[in-house]
Amino acid sequence: MPPPASIIAMHAPAAPLAVLSPWAIDGLSHGFMGRAGGVSTGVYASLNLAEWNGDEPAAVAENWRRWRVAYPRFTVARLSQVHGKLVHRVDASWGDARRAGDGMVTAAAGVALGIFSADCVPILMVDAERRSVGAVHAGWRGTIAGIAGEGVRAMAALGARPHAMRAALGPSIGLCCFEVDAPLADDFARQLPGAREHCRAGGPGKAYVDLRAIIRGQLERAGLDPAAIANVGPCTRCTADGYFSRRAGGGAVTGLQMSFVGFAR
Ligand SMILES: [Zn+2]
């Protein structure tokens, strides 16, 4: 009997991990991982690092082994993401428990903050001089709740200075593909200053929303220099070969890509 496909894949030569890392900062490891380089199959193919969404545990473990070969100097703090606006302060004792929340900040060296997404916007933040970092998960609910600004405030509470911070908004669903019911677009426009200019008419009863542009405005209002905010990577739904996209999969369960940031010890 032939071995299961995942066992064969694990013994095949490893494809390189795909990661977009916008900054060159001494001691900082960070990036937006794509799908490439793992061994998971089907809707989880291939670098799914989430063990809680139905993927085969052995495949996820192998994916993690590969990630740790590339980034050996870190433990990874993660969350149970709930589309809210709670941002946790993480220290070296955080461990493996995934507490409920959608953002983390830390000044602890050797801890990488890992955020998971498949269309929602992953946001990474850093104050290079103060050696503090943040990672935030912002879908439409978190965006309306203001999680981007909460992330900046949590960084400031750690000693980071918003005017000196950099932020990067990673691969996520773009204006091209984020069509929502018109009342939801109206919610954005009503609740968030400046959001209306980032909504476009869609099909009947629908509208398109540019989440990254709205979040950029929130970060600027929280004190970041516009020139220090980067859009990194494509629309996930348009590039579903390279990135997990829940919408590209028709809303079904998919793997999740990890975005991470941390200073090495
Ligand atoms: Zn698109």
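Analyst: Two strands pair if DSSP finds at least two bridges between them. Strands are DSSP runs of E (at least two residues) and helices are runs of H or I (at least four), numbered from the N terminus. This is a predicted model: local features need pLDDT of at least 70, side-chain atom pairs count only at pLDDT 80 or more, and totals for chains, interfaces and linings use all residues. Residues are numbered from 1 along each chain as its sequence is written, and side-chain values use heavy atoms, with hydrogens and water left out.

User: What makes strands β5 and β7 a pair?

Analyst: Four bridges join β5 (residues 87-90) to β7 (residues 103-106), in the parallel sense. That count meets the bridge rule, so the two strands pair. Valine 90 has threonine 106 of β7 as its bridge partner.

User: Which way does β7 pair with β10?

Analyst: The sense is antiparallel, over four bridges. Glycine 103 stands opposite valine 136 in β10.

User: Why is phenylalanine 260 called buried?

Analyst: Its relative accessible area is 1%. Buried means under 20%, exposed over 50%, partly exposed in between (1.4 Å probe, protein chains only). Phenylalanine 260 falls under the buried limit, so the label holds. The residue sits in strand β16. Seven of the seven residues of β16 are buried. Gln257, Ser259, Val261 and Phe263 point one way, and Met258, Phe260 and Gly262 the other way.

User: Which strands pair with β16?

Analyst: β2 (residues 28-33) pairs with β16 antiparallel over five bridges. Here histidine 30 has valine 261 as its partner. β8 (residues 111-117) is also joined to β16 by five bridges, running antiparallel. Glycine 114 stands opposite phenylalanine 260.

User: What does phenylalanine 260 contact?

Analyst: Contact means heavy atoms within 4.5 Å. Leaving aside neighbours within four places in sequence, phenylalanine 260 has partners including His30, Trp67, Tyr71, Leu113 and Gly114.

User: Which residues touch the most other members of the largest nonpolar core?

Analyst: Ile123, Met125, Phe188, Val209, Ile215 and Leu219 do, in a core of 37 residues. Such a core is a set of buried Ala, Val, Leu, Ile, Met, Phe, Trp, Tyr and Cys residues joined through side-chain atoms within 4.5 Å. Elements supplying at least two residues each include β9 (121-127), α4 (147-157), α5 (182-191) and α6 (211-221). The largest share, five residues, comes from α4. Apart from this core lies another, of 21 residues, among them Leu79, Val126, Ala135 and Phe263.

User: Why do glutamate 51 and arginine 78 count as a salt bridge?

Analyst: The N to O distance is 2.7 Å. The rule asks for a side-chain nitrogen of Lys or Arg within 4 Å of a carboxyl oxygen of Asp or Glu, so this pair qualifies. Glutamate 51 lies in the loop between β2 and α2 (57-70), and arginine 78 in the loop between β3 (75-77) and β4 (79-80), so the pair ties together parts that are 27 residues apart in sequence. Arginine 78 is buried at 10% relative accessible area, whereas glutamate 51 is partly exposed at 40%.

User: How many salt bridges are there by this rule?

Analyst: The count comes to nine. Among them, arginine 161 meets glutamate 129 at 3.8 Å, N to O. Arginine 161 lies in the loop between α4 and β11, and glutamate 129 in the loop between β9 and β10, so the pair ties together parts that are 32 residues apart in sequence. Arginine 161 is buried at 19%, while glutamate 129 counts as exposed at 64%.
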